[in-house]
Amino acid sequence: MKNRLFVGCVVMVSAVLGYGQAARPQTPSPGTAVAPASSGASGTAQRALLDQYCVTCHNDRTRRANLSLEKLDLTTHVGGNPQFWEKVVRKLRAGVMPPPGMRRPDFAAYTALTEWLETEIDRKAKLNPGTVVLHRLNRAEYANAVRDLLDLEIDPATLLPPDDSSRGFDNVAGSLGLSPTLLESYANAAGKIARMAVGYWKTPTERTYIAPSDTSQEYQIEGQPFGTRGGMVVTHVFPADGEYKFSLKEFVLGPYVGDEQLELNIDGERVQLFEWNNLKGGNPGADGDTGGGLELTVPVKAGTHRVGVTFLATNFRPSLDLARHYARSTLENSRIAGFSNYPEVGLLRIQGPFSAERPASSRSMRKVFTCRPSNATQEEPCAKEIISTLARRAYRRPVTAEDLEGLMTFYQEGRKGATFEDGIEIAIRRVLASPQFLVRVEKEPSNLATGQTYRISDLELASRLSFFLWSSIPDDELINLASQGRLSNAAVLEQQVKRMLADSRSEALVSNFAAQWLYLRNLKATSPVATSYPDWDDQLRQAFRRETELLFDSVVHEDRNVLDFLTANYTFVNDRLAKHYGIPNVYGSQFRRVTLGPELDYRRGLLGKGSVLAITSVPDRNSPVKRGVWILDNILGTPPPEPPPNVPPLEDTTGEPGKILTVREKQTLHRKNEPCASCHKLFDPMGFALENFSADGSWRTKDGGDGGVPIDAAVELHDGQLVNGPAGLRQALLRYSPQFVRMVTEKLMTYGLGRGIEYYDMPVIRSIVRDASRNNYRFSSIVLGIVKSAPFQMRVKLEESAGNN
């Protein structure tokens, strides 16, 4: 059966490209996609600005960057060469040209030149919505689709290989290939998921969860009961009703005296309370000895459950040694090597099910079995109802007779000599392994010429919309509206966008979009040198990520101005993070919103977030270069070129003999000569303005500790602005706030379209930003602008061989 499913997948990948609802051919006016401002002056004033400030370098003799502007006719060249001039506009919008140290016009004239160039490009722009031929679901989308289709939570990392990324995101169609090996993985995954969905899983599984090496277990973990400390919490998928074995391991860092109690709970309900002295094997009293373990077998219902292991916080005795203790308890930082007040859980293993039974009911069974036959004659009509309902949602369109006939064949094969549920299981396996489910394909109308633009169907629009905002399949309401041809109505579409943003499934924008845009996924691999940063632990790492996620979530769900990403005077902390930031009177592991007063002004917006500061550092120090590059890329939208080869590391930079150099002094010497200087002059000053932030995101006033050199965070930026510290840098960057909004819009559109943004998309992006400015740059106004745009609702027809083979 598995081979048949796999072969069917391979055969149907090609066939599916020619399948689907017919699109509505349409050739709209290019003006519907772009609304440029008036072209204004003829270009005389702009020509004079170029002659005064740009031709010095870009002339016929020097041709810097292989460019001469000396005799260029702007009125004809700008609109006729958008690919080139969009690069110029991008640099001007970020303020990086003319280069640092060169004369530049006043800001009003500078802005006028930029706007004139944009207007000339927009005025002659041609509609080009681009095309994505085949778009495979990535792992996150696959898991979300299974959740919404079957009400079943899965861990896709245990079933499927990781996805490649492109243009900063892992949902870009061009990087999501299909191979026979991957299709076989999908077929295997379909079999496992189908068995869980109908509650019939017999084979025991095993999953081991290991605490991070830098974990600290001296305080309560979020999601665990009050009055507990340490341990670990995991989300585990129990495939069937049955008995499961839980194995717990612990390790001891030093001498321990006293009694402890260890609790195992499932979904917050205590399952067992262990006595510390009942450990199997090991010797918890031996100095530095690794203790033994505990085992327990208990019945658990099928489904996804939250399993917690934690100690009761009954031991509050103070430490009696004189050494300073840090947050990271696994670091040997005391004079008594390896001393620790508390034992810690290092490993949790879950095995099962043993003696598995098919449950009478479960969340997934209630979702799947919309009817139950009471006799043999009712089985086939009921099976058709179940299968057609699932296929409609999975395929994201009404089911045809051909669809149903093929799926019923699989049902009947599974039903032979077995039960009704077995037949449904095989049909579900076929649905989940079908390219109709795994691949988003948009059919090209046959009556249009190659290269002609057309509007996609309402059903295709529903899929684009749901995968943009939910990273999942459309719900019944979207499919119903699309089937009626009503979704493309502007008022209906706007109402659906607002409904979807308010839905809990829009959390995917946080976990998928924000996590990749802001590099939050890199935090897992971020670990400052323990001896230099002993207050860094896994709890701080997780708190950094959660703080930034909650900031993004507040902008989305409170529909705030996207500039709040830079200026928000609030943040989210728990006791661990509040202690790190120096925020008093915050207790407990739950995150709560706090206002940042004048004394914490430097924590406002993304520039003050520990997550951003940590991922833009290197293990043993902060990195002005990485921080400056991050700002150029993620705030100003102008990533610098790759560094030249064979650049010596910063640590090799030395000054006068015997003088200890600060990071800033080393960096200044490091970039003294070309080819490094020209780029470093752009981003180094922005990184120097953040020098008060250490590699672990903590605030400092000296470089090198209490006895070090005072931090100098005063700089002159690339555009000549003088700033001092994070607050001054933030204020200086607000000069380019329209560019930041464009950058956010570009990132969202890349994510929403599943393709990179090209020069021909920029007039549309400017139009979206102009419209959003009338609504205070609210997040929903940008999302609506993207959803209503030509690139989101239209396509260009490709050649027959490319589109339908």
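Modeller: Let's take a helix pair, then a sheet. This is a predicted model, where local features need pLDDT of at least 70, side-chain atom pairs count only at pLDDT 80 or more, and totals for chains, interfaces and linings use all residues. Residues are numbered from 1 along each chain as its sequence is written, and side-chain values use heavy atoms, without hydrogens and water.

Biologist: At roughly what angle do helix 16 and helix 17 cross?

Modeller: Helices here are DSSP runs of H or I with at least four residues, and strands are E runs of at least two, numbered from the N terminus. Axes are lines fitted to C-alpha atoms, for helices over the stretch in contact, with angles from 0 to 180 degrees between N-to-C directions. The axes of helix 16 (508-517) and helix 17 (538-557) come within 10 Å and cross at roughly 115°. Since 65 to 115 degrees counts as roughly perpendicular, that is therefore the label for this pair.

Biologist: Which residues of helix 16 and helix 17 meet?

Modeller: Contact means heavy atoms within 4.5 Å. From helix 16, the residues include Leu509, Phe513 and Trp517, and from helix 17, they include Arg545, Phe552 and Val556.

Biologist: And how do strands pair in a sheet?

Modeller: They pair through backbone hydrogen bonds, either parallel or antiparallel. Two strands count as paired if DSSP finds at least two bridges between them. Here, an open sheet of four strands has the order 3-8-5-6, with antiparallel pairing. Its edge strands, strand 3 (228-238) and strand 6 (269-275), each pair on one side only. Strand 5 (261-266) is joined to strand 8 (303-312) by five bridges, and Leu264 stands opposite Val309 in strand 8.

Methods
Parallel < 35°, antiparallel > 145°, perpendicular 65-115°, else oblique.
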